[in-house]
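Here's a quick briefing for anyone opening this model for the first time. Have a look at the structure below, then read on.

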Amino acid sequence: MNLNDFSEKVCKECKGENKKRIFRSENGLCQKFISKIDNLPLRCVGDWAEDKNYYLERYFSIFSNSMKNKWSKLNYIEICSGPGKSIYRKNLTESEGTAIRMLSNENIKFIKKAIFIDYDEEVVSILNKRIKNLDLQNKAKAVVCDFNDFEKINKILIENDVIGGLKFVFIDPTDCGTKFELIKYLKQKLEKVDFLLNVPYGTDLNRNLLETLKHDNYKSRKKYCDFIGEPDFFDKEDVKEFMTINNDKNSRLTEKYINYLKKNLDNIGLPYYDDSVAVKHYYKLFFITGNEIGLNFWKKISKKGPDGQQKLF
Ligand SMILES: C[S@@+](CC[C@H](N)C(=O)[O-])C[C@H]1O[C@@H](n2cnc3c(N)ncnc32)[C@H](O)[C@@H]1O
């Protein structure tokens with residue numbers, strides 16, 4: 001197999017979203033093709049990943065550019081960073097992942113420290129090689145850490161001097177595996193911080209929430225409760241009502257679920273949020289902040305979508 005040959009035009013093994021992705025390893029890396037540019041492994045992704053990059057980069061730019069003279073220190077933190085570059089399985093195009101897209105943005109010069117967290121050692125090692133290729137080792141670093149290991153996260157924040165100043169944190173899990181406690185913890189530690197949380201509406205919530213309510217599986221119930229910080233979500237009377245309702249009401253249950261997340265954000269001093277940006281029907285980018293200015297910036301940059309269309313409210 002020639003690892004550098006993209007002549008197939010489409011990855012036959014991974015193209016169908018419902019097919020088993022034979023050439024994708026467990027950590028999401030494509031096992032068939034590596035980057036033609038830096039000869040390092042790529043993450044296998046759907047083409048909608050570019051929409052995520054679009055919104056993230058626009059907020060990153062406005063955040064760093066507008067705040068550079070107001071704050072002595074701006075930091076960027078990404079949780080679930082991936083290896084920094086991707087390959088679209090639909091057309092075998094190589095693209096930047098979120099980490100390298102931010103590090104290649106011209107406004108990175110205004111960021112003092114950029115920290116990338118991922119629990120996969122191989123992924124972190126690849127991203128660090130890419131950081132070195134960009135000659136950004138003094139500013140950026142990828143670190144192996146589980147997002148549930150708050151003690152280690154604390155150590156990373158202290159060691160890399162990212163506690164003070166203004167911070168932008170992007171959290172990009174594949175499912176509802178992160179906990180509300182992570183946001184709460186980071187808010188307490190970092191204080192002045194904007195969050196962008198990738199919420200898997202289509203890929204996880206709309207598919208699984210109703211099933212989880214109907215089948216009393218403790219582990220899976222706990223995962224969804226932890227994600228929004230509402231331990232008894234499935235025991236609430238207004239939620240139990242959905243047991244008798246058809247599957248097509250799944251999205252109404254998701255809406256109720258997200259409303260509890262919003263209430264809990266209010267309770268921890270993060271009352272400004274917006275979840276109106278959808279990336280296809282797969283997920284939504286949930287912007288969260290304690291400061292109205294941040295929300296206004298987010299609304300400004302998300303008015304226009306990647307297709308050039310104005311968003312309808
Ligand atoms: C959706 S991918 C990230 C993609 C990347 N942000 C991008 O768009 O280029 C999710 C990443 O989360 C990492 N991950 C999954 N569970 C984790 C955990 N418990 N702690 C830290 N990282 C985790 C995976 O290794 C994977 O690289």
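How long is the polar contact that joins the side chains of Asp275 and Lys262? The answer is 3.4 Å, where a polar contact means a pair of N or O atoms within 3.5 Å; within protein, one must be able to donate a hydrogen and the other to accept it, and residues adjacent in sequence count only if both atoms are side-chain atoms. Before going further, note that this is a predicted model, where local features need pLDDT of at least 70 and side-chain atom pairs count only at pLDDT 80 or more, while totals for chains, interfaces and linings use all residues. Residues are numbered from 1 along each chain as its sequence is written, and side-chain values use heavy atoms, with hydrogens and water left out.

**Around Asp275**
- You'll find Asp275 in strand 10, which covers residues 272-279 (strands are DSSP runs of E, at least two residues, numbered from the N terminus).
- Asp275 is buried, at 14% relative accessible area (buried means under 20%, with a 1.4 Å probe and protein chains only).
- Asp275 also has a polar contact with Tyr201, side chain to side chain, at 2.9 Å.
- Asn198 sits 77 residues away along the chain, yet its C-alpha atom is 9.6 Å from that of Asp275.

**Around the ligand**
- The ligand is surrounded by 16 residues, and the closest include Lys52 and Asp118.
- A side-chain N or O atom of Lys52 is 2.9 Å from a ligand oxygen.
- For Asp118, a side-chain N or O atom is 2.6 Å from an oxygen of the ligand.
- Ser81 uses a backbone N or O atom instead, 3.4 Å from a ligand nitrogen.

Notes. A residue is near a molecule or strand if one of its heavy atoms lies within 4 Å of it. Helices (H or I, at least four residues) and strands (E, at least two) are DSSP runs, numbered from the N terminus. Buried means under 20% relative accessible area, exposed over 50%, partly exposed in between (1.4 Å probe, protein chains only).
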